[in-house]
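Subject: Structure handover

Hello,

Here is the structure I promised you. Please open it first, then read my notes below.

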Amino acid sequence: MNTRKLLSMVAIASVLLYSCSDDDDNPAQINEEELTTTMTITLTAGNDIVTLRSRDLDGPDGPNAPVLTVSGPLTANTTYAGSIGLLNETETPAEDVREEDIEVEADEHQFFFEVGSGLNVTTEYADTEADYPPLMGTNPVGLEFTLTTTDASTGSFSVTLRHQLKKPNDGTLADAGGSTDIAESFDIDIE
């Protein structure tokens, strides 16, 4: 009887020791936020091209604030095709974050556009996860979008990229959750 108990205890101890081993051949991969130092938003309506750029070469944790530029005013009563480019310029050559991370993981990313009071602008998504094969989802991503102006005005236009968020969501940052990869607010003039 004592031998049987001893063998049972040895078997249980062996299982516990094996299951607690730190020699894991398949460690869980950690999907960190993408470092984005430069976001360029290109708004195109025929020959009218306006670029919004945020450039933070020391990254979000560095001491220097990002440099924000807007190449010019938007034209009233115009629909622009918007496209967002993302770079990590801490690497040489610069890493194309859009192509190497966001498009590959479009199901885990979404841009949100917020229009400040007084600015006469609306936005609409022009892409979904299915635009970035092999994904098939119908949820919006926001690398491509439209921006439509109405009357002349001035105000802020904010762009936020969320990672590992809830999809589908109601189109607000509060409902989406997740973590922020990059967020900037640009002062826009519509003439």
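Of the contacts in the protein with a separation of 6 or more, 66% are between residues 24 or more positions apart. Keep in mind that this is a predicted model.

The overall layout comes next. The protein has three helices and ten strands. From the N terminus on, their order is α-β-β-β-β-β-α-β-β-β-β-α-β. The protein has 191 residues, and 36% of them are buried. It exposes about 11,200 Å², with 52% of that supplied by carbon and sulfur atoms.

Now the core. In soluble globular proteins, nonpolar side chains tend to be buried together. Here the largest nonpolar core holds 31 residues. Which of its members touch the most others? They are Met39, Ile41, Leu43, Ile84, Phe111 and Phe157. Several elements give two or more residues to this core, among them β1 (38-45), β2 (48-55), β4 (79-88) and β6 (109-115). The helix α2 (97-102) is also one of them, as are β8 (144-149), β9 and β10 (179-190).

Next, the aromatic rings. A search of the whole structure finds three aromatic pairs. One of them joins Phe113 and Phe157, and this pair is stacked. The ring centres are 6.1 Å apart, with 5° between the planes. The pair links distant parts of the chain. Phe113 is in strand β6 and Phe157 in strand β9, 44 residues apart. Are these two residues buried or exposed? Both Phe113 and Phe157 are buried. They also belong to one aromatic cluster, together with Tyr125 and Phe145.

Last, look at Ser153. Ser153 lies in strand β9, which covers residues 153-163. Why does Ser153 count as buried? Its relative accessibility is 11%, and buried means under 20%. A polar atom of the Ser153 side chain lies 2.9 Å from the backbone nitrogen of Asn120. Not counting residues up to four places away in sequence, Ser153 touches two stretches of the chain by residue name: Gly118, Leu119 and Asn120, then Ile188, Asp189 and Ile190.

Best wishes

Terms used:
Residues are numbered from 1 along each chain as its sequence is written. This is a predicted model: local features need pLDDT of at least 70, side-chain atom pairs count only at pLDDT 80 or more; totals for chains, interfaces and linings use all residues. Side-chain values use heavy atoms; hydrogens and water are left out. Helices (H or I, at least four residues) and strands (E, at least two) are DSSP runs, numbered from the N terminus. Buried means under 20% relative accessible area, exposed over 50%, partly exposed in between (1.4 Å probe, protein chains only). A polar contact is a pair of N or O atoms within 3.5 Å; within protein, one must be able to donate a hydrogen and the other to accept it, and residues adjacent in sequence count only if both atoms are side-chain atoms. Contact means heavy atoms within 4.5 Å. A nonpolar core is a set of buried Ala, Val, Leu, Ile, Met, Phe, Trp, Tyr and Cys residues joined through side-chain atoms within 4.5 Å. Rings of Phe, Tyr and Trp (its six-membered ring) pair if their centres lie within 6.5 Å; planes under 30 degrees apart count as stacked, over 60 as edge-to-face and the rest as tilted. Accessible areas come from the Shrake-Rupley method with a 1.4 Å probe; for residues, only the protein chains shown count as cover.
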